[in-house]
Amino acid sequence: MFNDVMGLILADNKKIGLGELSEPRALSAVPFGGRYRIIDFMLSDMVNSGIKNVGILTYNKYKSLMDHLGTGSPWSLDRKNDGLHILPPYVNSEASNITGDEELAGVLDFLRHSRSTYAIVANSNIILNCTFDDMIKAHESSGADLTVMYNRDALKYGHPCYILETDDKGFVKDMLYNPQKATSNKTSLGIICLRRDMLIDIISRQMSHGQTHFGLHSMVKMFDEIKVYAYEYAGTALRINSVQTYFNASMSLLKDETRNDLFWSGKPIYTKVKDEAPTLYFDNAEVKTSIISDGCRIYGDIDHSIIFRSATISKNTTVKNCVVMQDVHISENCHLENVILDKNSFVRPGVRLIGHPDYPVVIGKGAGI
Amino acid sequence: MAKTDVVAMILAGGQGARLGVLTKTVAKPAVPFGSRYRIIDFPLSNCVNSGIERVGVLSQYQPLALNTYVGNGHPWDLDRNNAGAYILPPYQRSGKSDWYKGTANAIYQNKDFLDDFDPEYVVILSGDHIYKMDYGAMLRSHIEREADATVAVYEVPWEEAPRFGILNTEGEDQIVEFEEKPAKPKSNLASMGVYCFTWKVLREALVRDEADPESNNDFGKNIIPMLLNGGKKLFAYRFAGYWKDVGTISSLWETNMDILDKPEDINLVDRSWRIYSRNPVKPSQFIGESGKVTNSALTDGCRIFGEVNHSVLSESVIVEKGAVVKDCVLLPGVVVKEGARLERCIVDFGTIIGKDVKAGPKIEGEGPYTNHKLCSEGICVFERGLKIKDGAEIPGNSMIDSDIDAGDKSVIEEKFRV
């Protein structure tokens, strides 16, 4: 546990789109795992590491993210000193050319005001339950200027991805973006740590070269100028790169190993509290191999699915291999398979909808079918 | 301090002795109820939903769990700048110090707390009932009728009236007499233990009552009759919604079952009158491939691989493959090992039911833990933090209590702290 580290989460990613799921919200605000948003994992990891000062860098569609984060109290980040800071883009006199997308200028002030020595910077498309103590230790003992976390997924999750090549001491000697063939199985997890003053230097330098967008891997790419160390993470890490990987990651929660590693390792994943009622399973409910959240009313059959809070599954209805988000209502006599239903969507009686496991159907937020 | 209209005081210091082992180490209002709540969530949420933001919680008996649970009042939005939830234990003062001697004395001892807010009205609540009530509507009726005190009443069946404190009224529900458990009731209006007082009037009565060494310092027995004799205006306020006392093992069990059998009565999904609670921070429920859950209420953190029927499960309960849980109330963290069969059991925090244990009314005879005084209707109750021996058979109406020396017949393998 340390007090000397601050966190910075990049709440969206211009390279990653989840179709209709990320249309109304930033990537990190996409609901995941029954009661969470993707950002809850990284935010909880930071809090569980003892980090008390976290900046969330956003550039658009951040309303649902702000609703979710509020004052930061679910993560104990509603503090007088430090705490949670949402950093929307803003135009600042330090930016050399105004494009309306000045993320870097926005973050610089926040970094300058912090008193910590180190910063952890993380993308928001990774779901894992870890603390950063070991990474910081490895960073210190390697003598690196910057350390990047990776695992050995190679191209398993497809594009976009960054493949790292390292020398025999573990320092990065090359980084490939979206290669057709992996020259190494080391894939960046999009989490770096470095000294805060160095981060400020790098950002200032990037700004003076006219850069406005905050790219975490643009810093890893500086391996020719600074010493970049690669740190391996061996635990469960789910990457969200596309609708397909989102669907696969959701379904992998139904495996005991994944669930135990992400949720029952002793480090809680915090999220916004909703105060829903307990879930009621009625007489003819048949539920198997599924994650069910509070406030649901279940009259029908659910198999191998993730059900979010306050959803209704009516009588004589079968839901199989589906992700059903908050406040979704599925009427009687329906059959849904391989479908992702976004928040507040509504399925009228008798609808039969079957997607392919490799290409799930997505029903957008609030849609009625 | 700013002038306040109304302050609520929740009497949460009672032991709740009739709940036996369930209140051995926690006060009754802190007992879990209805899968994701504690009993005190109901009066606390009612206060907030009624617009009352200053709430004193009077604790005395085993206050640790209750104080930790209420904490700074955050889950109920009771962490305001100049308002919120205030835990009020009895305290030492120069001169004489005392435990809370009775309900009226508990408020008397906190008259400084109330004087600081200088409220127009005080609402007195008990922490033993499950109900949703708008205290604001009661307060409006109190003000409109220019009452000195208003007592919430519930129309009970006539044959049950002798078990309650009964209010006899005249005309527009003006109270003329209070009778504690009358053998021949003249009315079926039972006091709910929910009072609204004009603070000036109550304050005077409390001071007089305290000076009387003969008094029991109780609202029903002493304060109400004193006000009636003094010619004050007292009215009954009729409440017709769902209202259940959970003071006994059988009523606690039945009221939990009401959530399954009559979900519309208490209607916990009503978003206009949410019942708030402290969140356990656990992942969603998981039902495994071998799991079967019907007619039950479950919440976060439950992991079900066996059969659960007509039961209410609190957070993080585990039911292993091959186990059967029927008509049960399982409190947070309970583990039911494979092959166990529980029927009509209330199992407290974290207790581990060993493999192939059988408990409930289908097991005949009596055992060392049989307790007809507190248990009825075949309900078994397990103390918290016990490991029950594999294969143990426990007949209905048992209360598994680690303080009972059952010798060889003990079904308790070990006791641990939860």
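**Figure 1. The largest pocket of the predicted model and its lining.** In this predicted model, the largest pocket holds about 1,600 Å³ of space. Its lining comprises 48 residues, of which B:Arg18, B:Lys28, B:Asp128, B:His129 and B:Asp245 are the closest to the pocket centre. Helix H3 (103–109), strand E10 (174–180), strand E11 (189–198), helix H7 (219–229), strand E13 (243–245) and helix H8, which belong to chain B, each give two or more residues to this lining. Sorted by class, the lining residues are 16 nonpolar, 19 polar and 13 charged.

**Figure 2. Helix H8 of chain B, one of the elements that line the pocket.** Helix H8 of chain B runs over residues 249–261. Among the buried positions are B:Ile249, B:Leu252, B:Trp253, B:Met257, B:Ile259 and B:Leu260, together with B:Ser250, B:Thr255, B:Asn256 and B:Asp258.

**Figure 3. The salt bridge between B:Lys244 and B:Asp258.** The closest N and O atoms of this pair are 2.6 Å apart. B:Asp258 counts as buried because its relative accessibility is 6%, under the 20% limit. B:Lys244, at 25%, counts as partly exposed.

**Figure 4. A salt bridge between chains, A:Arg35 to B:Asp300.** The two side chains meet with an N to O distance of 3.2 Å. On the chain A side, A:Arg35 sits in the loop between strand E2 (31–32) and strand E3 (36–37); on the chain B side, B:Asp300 sits in the loop between strand E16 (296–298) and strand E17 (303–304). A:Arg35 counts as buried at 4% relative accessibility, and B:Asp300 counts as buried at 2%.

**Figure 5. Further salt bridges in chain B.** The side chains of B:Lys326 and B:Asp327 meet at 3.5 Å, N to O. B:Asp327 is buried, with a relative accessible area of 12%, whereas B:Lys326 is partly exposed, at 32%. A network of salt bridges links B:Lys24, B:Glu383, B:Asp401, B:Asp403 and B:Lys415. Over all chains, the count comes to 40 salt bridges.

Conventions: Residues numbered from 1 in each chain as written. Chains lettered and ligands numbered in written order. Predicted model: local features only at pLDDT ≥ 70, side-chain atom pairs only at ≥ 80, totals over all residues. Heavy atoms only, no water. Helix = DSSP H or I, 4+ residues; strand = E, 2+ residues; numbered from the N terminus. Expected span 1.5 Å × (residues − 1). Buried < 20%, exposed > 50% of the residue type's maximum accessible area, 1.4 Å probe, protein only. 1 Å grid on protein atoms, 1.4 Å probe; cavity = no way out; pocket = protein on both sides within 12 Å on 5 of 7 lines; lining within 4 Å. Points joined across faces, edges and corners; volume = space filled by probe spheres on them. Nonpolar A, V, L, I, M, F, W, Y, C, P; charged D, E, K, R; others polar. Salt bridge = Lys/Arg side-chain N within 4 Å of Asp/Glu carboxyl O.
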